[in-house]
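Reader: I am new to this structure. Please take one part and look at it closely, then show me how other parts compare in kind.

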Amino acid sequence: VWPGVWRIGADSAIGGGQYAMRIALVNNTFEPFQVGGAEKSMLARAKGLAARGHVVRIFTLAADGHARIRELDDIPIVYFKGRWAKCSPWHEDRTRLDKFLWHAGPEWVPGGGTDISVLIEDFAADVVNFANLPGIGYENILSVRKAGIPTVMTIADFAPLCIGTTMFRSGTECRTRCLSCRLISSQRLRRFNLADRYVFVSRHMQDTYHRLNPGGGNMKSNSHIIFNGLDKTFLEAGRQVTGRSHEGLRIGFMGQLKPTKGVELLIRQFLASEVSESATLRIAGVGEETYTNHLQELAKGSDRIEFLGWSDPIAFYRSVDLVVVPSLWAEPLPRIGYEANYCGLPVIVSNRGGCPELVETDKTGSVFDPDDPDSLSREMFKWIERLQGDGGEIGLRAKHKALRDHHPEVVADRYEQVLTF
């Protein structure tokens, strides 16, 4: 039965005459095996759609090999077994071969994909919203469509284009697809192009796919841009971030401590400029031990830089005045940017990927160019001066932008329209 069509046993109509849909959301990883931006965004989307009266269920690979069903924030999560579960990012001891098989196995090994169409049919889904499919297999798009169920792809990384998923190599953004990615990802991209509709999390993502996948099936005629949303739990907690109890100005970074995140550039620019004389830098996040030690050694001798390790997001945002997102790779849409805005904080972002779409320049934040490292210190110094004389207007503008673009009801409304066939 197609979405929006009345059927026996359906609930009463919800907003705008739209009847309740049964929506399946599919991602290759999920809590407790992986809790990154994609997983947080999917849970926020599920909760937003469920709050509008739809029946929502999340399907994900059981990285530990144990199939089961559990609930998270009243959303049922179905964990299914799969051939490549042992290669999941959840396994800290996975080898380079495991990483390769996670991406290539489901597409190239005969019978390598995990066909979940039976699970989807048992749920009686009206529509399926796919997200990340490495480790499961993009052939599920075709098998679900063969079952008569329409499909919508949400694209928040470059997996169909790039075997490494980032379009970033040797410290440089890839403007074209290399030969290895063209060969290894060809099967994945062909299957990716079979979806009915596509949702991109930023305009940069949409532009990149349109440019590098010119023969993309329905992609150009049926693609939409919907920013990821704030989680309702975060929305409630973030309302309490209304004032700062600390003295002095604090600049914050939050994220994984890895080279592509640009935290080394941030530390170097902070130390090399006058910014360190009038502010402190707080770094929240964890990473590979060797690289983390390298960053700490770089900051050694400065009492103006603090490494916090893992931190509660709300507590972190309450403890800083300005957030920097210095990504070196084309990050699709960093969650920290709109979370910080919602907490009333201006954000300095790099000009890579979808990062510039997070700010209204000089109103809620600003943009710098990593190829001109001094531009970061200039932006930090500019905002330090502005914040010292600010009466709260910057924070109000930042919060307004976050609510306008990322409020869960706004995101749910936009997804509801795209998921209705």
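Author: A residue counts as buried when its relative accessible area is under 20%. The model is predicted. Start with Glu339, which lies in helix α13, residues 335-342. Its relative accessibility is 9%, so Glu339 counts as buried. What does Glu339 touch, leaving out residues up to four places away in sequence? The partners are Leu230, Phe234, Pro313 and Tyr317.

Now turn to another helix. Helix α2 covers residues 96-108, 13 residues in total. From first C-alpha to last, α2 reaches 17 Å, close to the 18 Å expected. Trp102 and Pro106 are both buried, and so are Asp98, His103, Ala104, Gly105 and Glu107. Against what do the buried residues of α2 pack? They meet the strand β2 (55-61) and the helices α4 (139-146), α5 (179-184) and α6 (186-192).

Next, a pair of helices. Helix α15 spans residues 393-406, and helix α16 spans residues 408-419. Their axes are 6 Å apart, at an angle of about 25°. Angles under 35 degrees count as roughly parallel, so α15 and α16 are roughly parallel to each other. On the α15 side, the contact is made by Leu403, Arg404, Asp405 and His406. On the α16 side, Pro408, Val410, Val411 and Arg414 make it.

Then the cysteines. The whole structure holds zero disulfides. Cys174 is partly exposed, at 22% relative accessible area. For Cys355, the closest cysteine sulfur is in Cys174, 16 Å away, which is also too far for a bond. Cys355 is buried, at 0% relative accessibility.

Last, the loops. Pro32 sits between β1 (22-27) and α1 (37-51). The peptide bond from Glu31 to Pro32 is cis, with omega near 10°. Ala124 is in the loop between α3 (117-122) and β5 (127-130). Ala124 is not a glycine, yet its phi is positive, about 60°. At 38% relative accessibility, Ala124 is partly exposed. Thr165 belongs to the loop between β6 (151-155) and β7 (168-169). Thr165 is not a glycine either, and its phi is positive at about 70°. Is Thr165 buried or exposed? Thr165 is buried, with a relative accessible area of 16%.

Note on methods: Residues numbered from 1 in each chain as written. Predicted model: local features only at pLDDT ≥ 70, side-chain atom pairs only at ≥ 80, totals over all residues. Heavy atoms only, no water. Helix = DSSP H or I, 4+ residues; strand = E, 2+ residues; numbered from the N terminus. Expected span 1.5 Å × (residues − 1). Buried < 20%, exposed > 50% of the residue type's maximum accessible area, 1.4 Å probe, protein only. Contact = heavy atoms within 4.5 Å. Disulfide = S-S within 2.5 Å. Axes fitted to C-alpha atoms, helices over the stretch in contact; angles between N-to-C directions. Parallel < 35°, antiparallel > 145°, perpendicular 65-115°, else oblique.
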